Structures are given as C-alpha cells and as structure tokens.
Amino acid sequence: MIQTACIVGLIITDNYDYMRMSISNLLFWLVYIFLEFKLKWSIPLYIRIAVTISIISNDVLGELINLYVTSFLFDRIQHIFGTYSLTLWSFFIIQQFVQMKFIQKKLIIIFFITLSTTLGTFYEIFEFLQDELFKPVIKNQTSLLDTDLDLISDVVGGIIALIHYLSSESLRLFRLPFEQKCKS
C-alpha cells in the first residue's frame with residue numbers, strides 16, 4: 001500500500017522518471033511474493049522488515065521526497081543498508097533454493113562478499129541502462145565518483161550483513177525451514 005501511495009505521489013508531482021523505478025520495485029516484489037508462496041520459501045521476519053524498510057526508504061524518501069538529489073549522505077546510507085538487507089535476503093533465498101545450509105565459514109565469507117558485490121554491480125548496471133534508455137532529467141549515475149562510492153558502500157553493506165549473519169549463527173537465529181525439519 002505504501003508503494004502504491006508513493007507511485008501515486010510521483011504521478012501527482014509529475015516525476016515519471018522515479019515512478020518507473022517504483023513500479024519496477026513493486027512488480028519485482030509481487031513476483032517474489034508469488035514465488036515465495038508457491039515454492040514455500042521462508043524468510044526470517046527481521047530480514048523481511050529490513051528489506052521492506054530498504055525499498056520504502058528508497059522510493060518514499062529517496063525518490064518522492066527527493067533525498068537522492070538533496071542529500072549526498074542519503075545515497076551512501078541507502079546503498080549500505082539496501083545491500084545489507086538484500087544480501088541477507090538473497091543468501092536465504094539461495095540456501096532454500098539449493099536446499100542446503102552453508103557451514104564452512106570461509107565459504108560463507110567469500111559468498112557474502114561476492115553476493116553483495118554482485119548485487120551492487122547489477123544495481124549500477126540497471127541504473128546505467130535506465131539513464132541510457134530513458135534519458136531521465138535527474139540521472140541515476142551523476143558521475144564515475146558516484147558509481148564508485150555506490151560500489152564501495154555496497155561492499156560495506158555486505159560486510160555488515162556477513163558480520164550480522166556470523167554473529168547470529170552462534171545465537172541460533174535465522175534458521176532455515178529445511179534445517180528445522182531435519183532437526184525435529
């Protein structure tokens with residue numbers, strides 16, 4: 001509902017460039033919800049909340065309120081927090097898709113860093129394609145410095161996700177559905 005209200009707000013303010021991103025976010029998550037239900041995936045509530053906050057802050061604060069343009073710091077924080085939450089979310093989806101829990105600490109470290117860097121890179125490619133295809137008034141990538149700082153922020157977000165995951169493992173948080181079935 002918040003996403004739809006944001007899209008309506010972007011229409012009212014004639015901000016069609018950002019509206020495209022909000023609509024694509026909404027469609028992506030509707031497809032994901034369908035797949036999650038159909039494939040019986042289970043994501044911990046904390047990760048769901050973090051991803052939801054990331055999406056809403058991107059669309060409402062960044063695009064509707066325009067903090068991407070008015071605040072240099074907002075973009076950095078959004079990349080760190082967005083990559084943090086999406087790395088955790090992706091890690092859980094991948095583990096459920098392959099139906100195995102990664103247990104080797106070195107493999108988890110490599111996987112988290114690679115996953116966060118890949119997510120950040122795909123996002124930057126997506127921003128580049130939007131700029132080239134749609135020629136928005138306010139570009140997603142204003143300079144090479146912006147792109148580089150975004151990628152550095154993505155790595156930082158991935159490292160925070162890794163630290164969170166490794167510390168929560170010792171606390172037995174973030175258990176996967178198939179892991180729970182095996183132990184019962």
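**Entry 1: H2 against H3**

I began with how H2 and H3 pack. Their axes lie 10 Å apart, at an angle of about 165°. That angle is over 145, so H2 counts as roughly antiparallel to H3. I note here that the model is predicted. I then looked up the handedness: H2 and H3 cross in a left-handed way.

Which residues make this contact? From H2 I listed Tyr18, Met21, Ser22, Asn25, Trp29 and Glu36. From H3 I listed Arg48, Val51, Ile55, Asn58, Asp59, Gly62 and Glu63. I sorted them by class and got five nonpolar, four polar and four charged residues.

**Entry 2: H1 against H2**

Next I went to H1 and H2. They pack with axes 9 Å apart, and the angle is about 165°. That makes H1 roughly antiparallel to H2. The crossing of H1 and H2 is left-handed.

H1 brings Gln3, Thr4, Cys6, Ile7, Leu10 and Ile11 to the contact. H2 brings Tyr16, Tyr18, Met19, Ser22, Ile23, Asn25 and Leu26. How many of these residues are charged? I found no charged residues, with nine nonpolar and four polar.

I compared my two lists for H2. Tyr18, Ser22 and Asn25 of H2 are in the contact with H3, and Tyr18, Ser22 and Asn25 are also in the contact with H1.

**Entry 3: H5 against H6**

Then I turned to H5 and H6. Their axes are 9 Å apart and the angle is about 120°. Is H5 parallel or oblique to H6? The angle makes H5 oblique to H6. H5 passes H6 in a right-handed crossing.

On the H5 side I wrote down His79, Thr83, Leu86, Thr87, Leu88, Ser90, Phe91 and Ile94. They meet Phe111, Phe112, Leu115, Ser116, Leu119, Tyr123, Glu124 and Glu127 in H6. By class, this contact has nine nonpolar, five polar and two charged residues.

**Entry 4: the largest pocket**

I moved on to empty space. A probe the size of a water molecule, rolled over the atoms, shows where such space is left. The largest pocket has a volume of about 1100 Å³. It is lined by 43 residues. Which of them are closest to its centre? They are Met21, Asn58, His79, Tyr123 and Glu127.

I checked these names against my contact lists. Met21 of H2 and Asn58 of H3 are in the contact of those two helices. His79 in H5 and Tyr123 and Glu127 in H6 belong to the contact of H5 with H6.

Six helices each supply at least two lining residues: H2 (16–39), H3 (45–64), H4 (67–70), H5 (72–98), H6 (105–134) and H7 (144–169). Which helix gives the largest share? H5 does, with ten residues. The lining divides into 19 nonpolar, 15 polar and nine charged residues.

**Entry 5: the second largest pocket**

Last, I looked up the second largest pocket. Its volume is about 370 Å³. Of its 18 lining residues, Trp29, Ile33, Thr52, Ile55 and Ile56 are the closest to the centre. Trp29 of H2 and Ile55 of H3 were already in my notes, from the contact of H2 with H3.

Where does this lining come from? Helix H1 (2–12), H2 and H3 each give two or more residues. The largest share is from H2, with seven residues. I counted the classes too: twelve nonpolar, four polar and two charged.

Notes. Residues are numbered from 1 along each chain as its sequence is written. This is a predicted model: local features need pLDDT of at least 70, side-chain atom pairs count only at pLDDT 80 or more; totals for chains, interfaces and linings use all residues. Side-chain values use heavy atoms; hydrogens and water are left out. On a 1 Å grid over the protein atoms alone, a cavity is a set of points where a 1.4 Å probe fits but cannot get out, and a pocket is an open set with protein on both sides within 12 Å along at least five of seven lines; lining residues have an atom within 4 Å of a point. Grid points are joined across faces, edges and corners, and a volume is the space filled by probe spheres set on the points. Helices (H or I, at least four residues) and strands (E, at least two) are DSSP runs, numbered from the N terminus. Ala, Val, Leu, Ile, Met, Phe, Trp, Tyr, Cys and Pro count as nonpolar, Asp, Glu, Lys and Arg as charged, and the others, Gly among them, as polar. Axes are lines fitted to C-alpha atoms, for helices over the stretch in contact, and angles run from 0 to 180 degrees between N-to-C directions. Angles under 35 degrees count as roughly parallel, over 145 as roughly antiparallel, 65 to 115 as roughly perpendicular and the rest as oblique. A crossing is left-handed if the near helix is turned anticlockwise from the far one by less than a right angle, and right-handed if clockwise. Contact means heavy atoms within 4.5 Å.
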